[in-house]
Amino acid sequence: EMTLIIFFLMFITESATNKLCPLRAAIDVLEGEYFYLCYLEPTQEHFQEDVYTINWYKENNGKQQLIKETQRIVPQMNFLEFWPVELSDSGNYSVTHSNGKPNFTIQKWTLNVLEKNKSSCFNKNHLTTELKNAGTGHSLKCSDLSVNGNENITWYKDCKNYENETERELDFKTLTVQHSGIYTCKILIGHEGKIYHSTNTIKLVVEEEIVGRDEEIETEKGIKLVQESVVATACKEEVLNCTGFLGYYMREDANLYWLINQKFPEKCSDIPEDEPSICEEDLKKLQLGNKFYVTRLLQIRKVTDEDMHHNFTCMLQADERTQIKIVKLKKGNTRDLPSHVFTTGMVLALLFPCVAVAVVVLCVVFRVDLVLFYRTICRRDDTAEDGKEYDAFVSYLKDCISPSEEEREFALKTLPMILEENFGYKLCIFERDVSPGGAVVDDIHSFIDKSRRLIVILSQNYISDRTIYELGSGLHKALVERKTEIILIEYMPISDYNFLPESLSLLPSKRVVKWKKDKSLPVNSRFWKNLRYLMPAKPSK
């Protein structure tokens, strides 16, 4: 196993091309430039045959389409070259290995071709940022995007030729704030009698060094594994975390991968969640303070005995070099559930239904109080912008001679004193608010129509010509037009409701509030709470 890793590293660092293959799954490139895809050809059993075929594919309408050589696109073994790349080249690419057996997919990419900025020498969406302190030395590196040796390099700062620099690295012995800017290196590449180019843009930010700053400095870039060995239990899920420290600026070309015995795992987004497999999540880029990291999780949805023998390799690729670290699973002991955990669970399982029932009972019993409390806290207002002038029209005995004046006093004094003065409601009381001389029937109909509720003060003496019309009009609006809700106040105990219209029985029984004389007088009595609950929500004065 160690020999396999050594061979893999030797190929990465000493391959024939000495170029960095873009292993990252998603790649951005500018249109009109030379570009290539390539894969690292690992020395493993899949490639030890004397005869094998390498094929490149592009996804088209969900199907893999074989890429054939053209004058512009040239597949050659482990390279796929674009002379140059165009906007139409955006899409999903893959490379496969075949030796007469079913194809083995080596690697997949998503290529995103960005439109070139015609008014500038760079695209702001295609640059990396490097943050440095003044007084230090630094080098800007021009990423090697060619597979040939006959290229020329020119450096630009803010799109102007920079000091006739033609080297691959732009060295600064001592940085100053004036060195800040956007640097672009342009590589000219000759191919079949034509000149092509590729560019690499770096935004250099030089800051004055703050003397006396006391902070933790993390100098070693590379992979930071959360665990190098993980104790796993068969048939359970495990998540492996690999994080790479990039330094003090984000490198756009940095990427981090998982390999399982030197094979790329599937993407978690490509397989169902309930499928017991191993997959890697999307790459995440993090900034903690002034430090930059990349991290990727590997999900082992159901650990098997075979997984205990696998090498889970985390690979970080940045700054034209690759680092790897290996994670191994260790078999853990399966223990019985501790007795105190079992006992606690049983007690909670028994208590939970009781608590749930108690909560439901309390909510039912104190439903009115809870609703009123919610209205008060939230300052809820159901009366805003509904076009109504009154919160309620009060219908009570007026024409018939009552044994006492209690009903009339309740309607004219008690009801408005509590609802209007204490809770901010506006009532329409015919005897008090309607000017004499108008058409009574029309006035009643008009004022009920302007009211959100119809309050009917019921007693055995209630019925008269006017009250019957008020009640009938209100019932029509409540049951037919559904514009006005009716609240019945049983002022005197009524044993027989036969004197009332039959349609009144269609109203919910919860809309009847009973007056209990002295017991109902206090503002915080159950009677006033129930009445306010049936009234529209309105902030109190």
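Colleague: In which strand is the place of R321?
Modeller: Strands (E, at least two residues) and helices (H or I, at least four) are DSSP runs, numbered from the N terminus. One such run covers residues 321-331. R321 sits in it, and its name is strand β25.

Colleague: Before we go on, which pLDDT do local features need?
Modeller: Good thing to ask! Numbering starts from 1 in each chain, following its written sequence, and side-chain values rest on heavy atoms, without hydrogens or water. This is a predicted model, so totals for chains, interfaces and linings use all residues, side-chain atom pairs count only at pLDDT 80 or more, and local features need a pLDDT of at least 70.

Colleague: Does R321 count as buried, partly exposed or exposed?
Modeller: Relative accessible area decides this: under 20% is buried, over 50% is exposed, and in between is partly exposed (1.4 Å probe, protein chains only). R321 has a relative accessibility of 42%. Therefore R321 counts as partly exposed.

Colleague: What distance separates the C-alpha atoms of R321 and A254?
Modeller: Along the chain, R321 and A254 are 67 residues apart.

Colleague: Now the whole protein: how many helices and strands does the secondary structure come to?
Modeller: The protein has 541 residues, and 42% of them count as buried. Its secondary structure comes to 30 strands and eight helices.

Colleague: What share of the contacts with a separation of 6 or more comes from residues 24 or more positions apart?
Modeller: A contact here means heavy atoms within 4.5 Å. Taking the contacts with a separation of 6 or more, the share from residues 24 or more positions apart is 69%.

Colleague: Which helix holds D369, the partner of R526?
Modeller: R526 and D369 form a salt bridge, with 3.2 Å between the closest N and O atoms. This pair links distant parts of the chain, 157 residues apart: R526 is in helix α8 (residues 526-534), and D369 is in residues 367-378, helix α3.

Colleague: How many salt bridges does the structure hold?
Modeller: Another one joins R380 and D382, N to O at 3.0 Å. There is also a network linking D386, D391, R452 and K538. The total for the structure is 15.

Colleague: Which region does UniProt list for residues 341-366?
Modeller: In the model, this span is 96% helix and 0% strand, and its end C-alpha atoms lie 36 Å apart. UniProt annotations may be inferred rather than shown by experiment; their positions follow the numbering used here and feature names are shortened. The name in this unreviewed UniProt entry is "transmembrane region".

Colleague: Which helix gives the most to the nonpolar patch?
Modeller: A patch joins residues with over 30% relative accessible area and no salt bridge, nonpolar side chains (Val, Leu, Ile, Met, Phe, Trp, Tyr) within 5 Å and like charges within 9 Å. V357, V361, L362, V365, F366 and L370 form this one, with about 540 Å² of accessible area together (Shrake-Rupley method, 1.4 Å probe; for residues, only the protein chains shown count as cover). V365 is exposed at 53%. With four residues, the most comes from helix α2 (residues 339-365).

Colleague: Last one: are the rings of Y39 and W56 stacked, tilted or edge-to-face?
Modeller: Rings of Phe, Tyr and Trp (its six-membered ring) pair if their centres lie within 6.5 Å; planes under 30 degrees apart are stacked, over 60 edge-to-face, and the rest tilted. The whole structure has 20 aromatic pairs. For Y39 and W56, the centres are 6.2 Å apart and the planes are at 50°, so this pair is tilted.

Technical notes. Salt bridge = Lys/Arg side-chain N within 4 Å of Asp/Glu carboxyl O.
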